[in-house]
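Look at the sequence and the structure below before reading on.

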Amino acid sequence: MTISLKTSVRTLVEFVLREGDLFGGGFQGPDRALLGSRGHRRLQKSRPTGYQAEVTISHLVETPDLTLEIFGRIDGIFGLDQPITLEEIKTITQDLPLVTGDNPLHWGQAQCYAYMYARQHNLAEMRVQLTYYHLDSQETLTFRQNFTFSELESFFTGLVAAYLTWMRQVKAWQERRDASIQQFGFPYTTYRTGQRDLAVAVYRAIQKKEQLFVQAPTGIGKTIATLFPAVKAIGTGLVARIFYLTAKTPGRLVAEQALDDMRQSGLHLKSVTLTAKEKICFCSVTGGEPEECPFTRNYYGKLKTALAETYEIEAFTRPIIAELAQRYEICPFEFSLDLALWADCIIGDYNYVFDPSVYLRRFFDNVVEPYLFLVDEAHNLPDRARAMYSAELDKQTVLALRKSVKPHLPDLGKALSEINQALLDQRRRCNPNDPPVLLEQERPEALLKALRRFSRQAEAWLALNQKTTFRPALLDFYFQATTYLRTAETFFGPAYISYFEKKGQEGLTAKLFCLDPAPFLAAALERSRAAIFFSGTLLPLEYFDRVLTGSTSHPRLILQSPFPSEHLALLIHNQISTRYTHRANSYEAVAALIEGVCAAQPGNYLIFFPSYAYLAAVAELVQERWPGWQLLIQERGMAEASRDAFLARFSTAQVGTLLGFAVMGGIFAEGIDLVGERLIGAIIVGVGLPQLSLERDLLKAYFTEQAHDGFAYAYQYPGLNRVMQAAGRVIRTEQDRGVILLIDERLTQPRYTRLFPSEWRHFQVVRQTDNLAEKLRHFWQKNIR
């Protein structure tokens, strides 16, 4: 059987010919691709009559076992020249006299295009023109060379032969993978309640090219129920690659385990887990200079060996990638990205798909395959997406950078002074009263003009790769400035507001705040065949549909909890106000309720508060009154080791009563599994409303204007989601039993109870401490294990 493949000219040439250091091309700004495209168009428009720009071309290579379609776009053809001249344009920022014109990748692309064009038009000879266009000066440097058809054919054939040798190995693997997909079944003995329904809905959504929203309570096994049909869709050709997206490390580990379980059932599937650069790289170097990081030297030369020798590995997890990168002395982060090109399932953060700064251009700039997006814990995506499409500058940062830069680079110091002056002018316009802000619907043009000048000068200097003490700070602010510029020039519109907010005596924050990222997420979703958004707390579904896609009409699925309701005592105390202005009056009452819950059954409990101050005040009372209880307190900015130590205390060997005090929406309120006796109860104080703030009020006003419930969109829905996430820590398996006490007078009001998940409908209201004690005594008598 002949297998059909497709690849671009650029991919073909880079795979076979690329050698050298990882950052051998020097510093490049984040908007390099956009600026390069503009430079291409500007040069093409200047060409004479008879010049054809952006000529689409493809060529089919047929062998007994493989058919390879090679495609691309020729930058330009001088059709009136003799011989006909093919132009390959490269935009650069380095000085033209430094360009030698001997780059094998540039000539390789041009020669491939020349061969394909000559073959299509029966040409015996072609001239290849390699044109370097300087983005700042707009000057050009040209190199020309004539090639006979036989010379072009020999070069092209050699490239293809080397590429097909690798692709035969890839295709042999894919045949093995597809055969295993056809043969393997669901990896567990039976489906849990709701699990089969979810799997069927996911496959149907893939077939119909839909975006599906799923409320899947804890215990259903949503990870395997989404991955299993996704893998089956690879086997039927509906999907070429799965992107499993999640916000936090625990979600990635669960996905890895689900794939391993399927492999134990006979599946062969390659997966790669992408880890943030700052977490996986061996060097502290962030500037990317090869001389400072040995793992970037001759990266591409060593990469080919690493790929060939490790190809039989199926699960490239973070530890395995780190181990292999050490062995081959290559950058682990870039290695993971290159491994992803040959993976069937890519596990990583949302930003690899949705963030305009870091999305995986190698997959999404020119989509040629059907992709599936599985968006785990999708309740996290709205706030993350707003941050991705917002941009912020700080006046004090500008002043500090100017102070360090100006003595060495006066012109750059002057550019920073212009930015500072633009910010100062806006500060003077801020509201003199509370809140001290300036809101604008238009782009801040004076600031943008100053930022453009700074960015051009900074990029030119950064490209020199000179070591200075101020380079890291300059690089950081350069990226902030270019992000602000890109946001203003590419995205800013009706879904944005520009604001300036005074900070202290002299400070100022300038922010382009994305009120509604839905249009931009919708554009990113167009890169997929289908997308599945799922979470245990994706309620109300219509809210998440609206804020993530701009629509309220996508298919939805609400699944029921697989756990018996009698395993959970859900109690609501609705006699205490936890509103900010009333909190000081509630400390005693909340402490008494904590005593009532914990005295009923010794064990491990988590207690969640809306703020650190509230937490500290009540924890102090509890510690004074019940010194025999062990208390753990979540601190701001806990390091990973401290977090692990906090959770390790929740052990089945724990004696007596252990209370973990934490904040809603924090690191202990989501993504942790404390099964069995490790956690037998949670007390949740408040309705989880985000703190009153300028941005939340702007969201409220925006969605009210959009004919939605602005308060619910900005405050209530995100708040209740925090409550549900915290409550979800208690019952994690069919064997778990536990208590949840919710404390707030608002929680029994219809505007809240109508939003409760179905497994909460059996809640009981408690108004007195003795009433609480009686209900808990009754519950624990039936559920002592």
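The model is a predicted one.

**Helix α17**

- Helix α17 runs over residues 445–462, which makes 18 residues. At 1.5 Å a residue the helix should span 26 Å, and its end C-alpha atoms are 25 Å apart, so the two values agree.
- Its buried residues are Leu447, Leu448, Ala450, Leu451, Phe454, Ser455, Ala458, Glu459, Trp461 and Leu462.
- Seen down the axis of α17, these buried residues fall within an arc of 160°, so they line one face of the helix.
- An α-helix has 3.6 residues a turn, so residues three or four places apart point the same way.
- Ala446 and Lys449 are exposed and sit on the face of α17 turned away from the buried side.
- The cover over the buried residues of α17 includes the strands β13 (391–394), β15 (496–503) and β16 (507–514). It also includes the helices α16 (410–429) and α18 (471–491).

- Arg443 is found in the loop between β14 (437–440) and α17.
- Is Arg443 buried, exposed or partly exposed? Its relative accessibility is 29%, so Arg443 counts as partly exposed.
- Leaving out neighbours within four places in sequence, Arg443 is in contact with Leu448, Arg452, Ala488, Glu489 and Phe492.
- Arg443 and Gly493 are 50 residues apart in sequence, while their C-alpha atoms are 8.7 Å apart in space.

**Helix α10**

- Helix α10 covers residues 318–328, and Ile321, Leu324, Ala325 and Tyr328 are buried in it.
- Down the axis of α10, the buried residues fall within an arc of 100°, so they line one face of this helix.
- Pro319 and Arg327 are exposed, on the face of α10 turned away from its buried side.
- The buried residues of α10 pack against β9 (271–273), α8 (277–280), α9 (299–309), β10 (315–316) and α11 (332–340).

**Positive phi angles**

- Just after α10, Glu329 takes a positive phi of about 55°, although Glu329 is not a glycine.
- Glu329 lies in the loop between α10 and α11, and with 48% relative accessibility it counts as partly exposed.
- Lys209 is not a glycine either, yet it has a positive phi of about 60°.
- Lys209 is in the loop between α5 (195–208) and β7 (211–215). Its relative accessible area is 56%, so Lys209 is exposed.

**Cis peptide bonds**

- Asp434 and Pro435 are joined by a cis peptide bond, with omega of about 0°. Pro435 lies in the loop between α16 and β14.
- Leu539 and Pro540 are also joined by a cis peptide bond, with omega of about -10°. Pro540 lies in the loop between β17 (530–535) and α20 (541–549).

**Cavities**

- Rolling a probe the size of a water molecule over the atoms shows where empty space is left.
- How many cavities of 30 Å³ or more are there? The count comes to two.
- The second largest cavity has a volume of about 80 Å³.
- This second largest cavity is lined by Lys270, Val272, Leu307, Thr310, Tyr311, Phe316, Leu339, Trp342 and Ala343.
- Its lining divides into seven nonpolar residues, one polar and one charged.

How values were computed:
Residues are numbered from 1 along each chain as its sequence is written. This is a predicted model: local features need pLDDT of at least 70, side-chain atom pairs count only at pLDDT 80 or more; totals for chains, interfaces and linings use all residues. Side-chain values use heavy atoms; hydrogens and water are left out. Helices (H or I, at least four residues) and strands (E, at least two) are DSSP runs, numbered from the N terminus. The expected span of a helix is 1.5 Å times one less than its number of residues. Buried means under 20% relative accessible area, exposed over 50%, partly exposed in between (1.4 Å probe, protein chains only). The arc is that of the directions from the helix axis to the C-beta atoms. Contact means heavy atoms within 4.5 Å. On a 1 Å grid over the protein atoms alone, a cavity is a set of points where a 1.4 Å probe fits but cannot get out, and a pocket is an open set with protein on both sides within 12 Å along at least five of seven lines; lining residues have an atom within 4 Å of a point. Grid points are joined across faces, edges and corners, and a volume is the space filled by probe spheres set on the points. Ala, Val, Leu, Ile, Met, Phe, Trp, Tyr, Cys and Pro count as nonpolar, Asp, Glu, Lys and Arg as charged, and the others, Gly among them, as polar.
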